[in-house]
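Here are my notes on this model, as numbered points. Please read them with the structure open beside you.

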Amino acid sequence: LVIGADFQTQGRGRRGRVWEASPGDAVLFSVLLRPSRVGRDVRLLPIVAAVGVAEGLAELGASVGLVWPNDLTVDGKKLGGILCELSSVGQELAWAVVGVGINVRTSPALAAGRWEPTSLAEVLGAPPARDLVLAATLRGLGTWFGRWYEDGNTAVLGAFAARDVLSGRT
């Protein structure tokens, strides 16, 4: 199940940070999953999502770097973010929600953010159609969720490492 929004006035990121977007400025969506992963493997869900979103945006020409575990960056600027939440019943994972926000037309002001914001319009020279951004991102997510389920953790960890902008930094 995928649910999208045209704008966001009370969104939140990690550690309670506010994430807002004006109408038409961003791609904002959540994906409901009922993965069969349990135990320690489920901790990689944000990493799988980040790799999938980055790969999807690469289809559009954006070279996206990743900051553990949920920031999407381009040239040291924040393009978007991912927030995962889950629930379990006993030892069984009941559901997971992957929330994604990608700046498309504008770069919103981030209060006390670690990164200066950017948008796909700035990165690519013009804003791509949001439906194309959504489709490319969902393809990337589908590909990487499938690889994770089929092949385990190694491939996704390698793909994350290749995009890890903090690698080698303190």
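1. Start with the core. The largest nonpolar core has 35 residues, and L57, V64, I102 and F145 touch the most other members. A nonpolar core here is a set of buried Ala, Val, Leu, Ile, Met, Phe, Trp, Tyr and Cys residues joined through side-chain atoms within 4.5 Å. Buried means under 20% relative accessible area, exposed means over 50%, and partly exposed lies in between (1.4 Å probe, protein chains only). Which elements give two or more residues to this core? They are β4, α1, β6 (71–74), β7 (77–89), β8, α3 and α4. The largest share, nine residues, comes from α1.

2. A word on the source. This is a predicted model, in which local features need pLDDT of at least 70, side-chain atom pairs count only at pLDDT 80 or more, and totals for chains, interfaces and linings use all residues. Residues are numbered from 1 along each chain as its sequence is written, and side-chain values use heavy atoms, with hydrogens and water left out.

3. Now the layout. The protein chain has four helices and nine strands. Helices (H or I, at least four residues) and strands (E, at least two) are DSSP runs, numbered from the N terminus. From the N terminus on, the order is β-β-β-β-α-β-β-β-β-β-α-α-α. The chain has 170 residues, and buried ones make up 44% of them.

4. Look at contacts along the chain. A contact means heavy atoms within 4.5 Å. Take the contacts with a separation of 6 or more: residues 24 or more positions apart account for 62% of them. Leaving out residues up to four places away in sequence, I102 touches A26, V27, V53, L57, L72, L79, G80, L120, V133 and T137.

5. Next, helix α3. It covers residues 130–151, 22 residues in total, and reaches 31 Å from its first C-alpha to its last. That is close to the 32 Å expected at 1.5 Å a residue; the expected span is 1.5 Å times one less than the number of residues. Its buried residues are V133, A136, T137, G140, L141, W144, F145 and W148. An α-helix has 3.6 residues a turn, so residues three or four places apart point the same way.

6. Stay with α3. Its buried residues pack against β4 (26–33), α1 (45–58), β8 (92–103), α2 (120–124) and α4 (153–163). On the other side of α3, D131 and E150 are exposed. G152 follows the helix, with a positive phi near 85°.

7. Check the strands around β8. Two strands pair if DSSP finds at least two bridges between them. β4 and β8 pair in the antiparallel sense over eight bridges. S30 has G99 in β8 as its bridge partner. β7 and β8 also run antiparallel, joined by ten bridges, and I82 is bridged to V100 in β8. β7 and β8 form a hairpin with two residues between them, and G90 in the turn has a positive phi of about 65°.

8. Two backbone details deserve a check. Most residues other than glycine have a negative phi, and most peptide bonds are trans. The peptide bond from W68 to P69 is cis, with omega near -10°. P69 sits in the loop between β5 (65–67) and β6. D75 is not a glycine, yet has a positive phi of about 50°. D75 is in the loop between β6 and β7. Buried or exposed? D75 is exposed, at a relative accessible area of 78%.

9. V74 is in strand β6 and is buried, at 6% relative accessibility. V74 touches S63, V64, L79 and V123, not counting residues up to four places away in sequence. T118 lies in the loop between β9 (116–117) and α2. T118 is buried too, with a relative accessible area of 3%.
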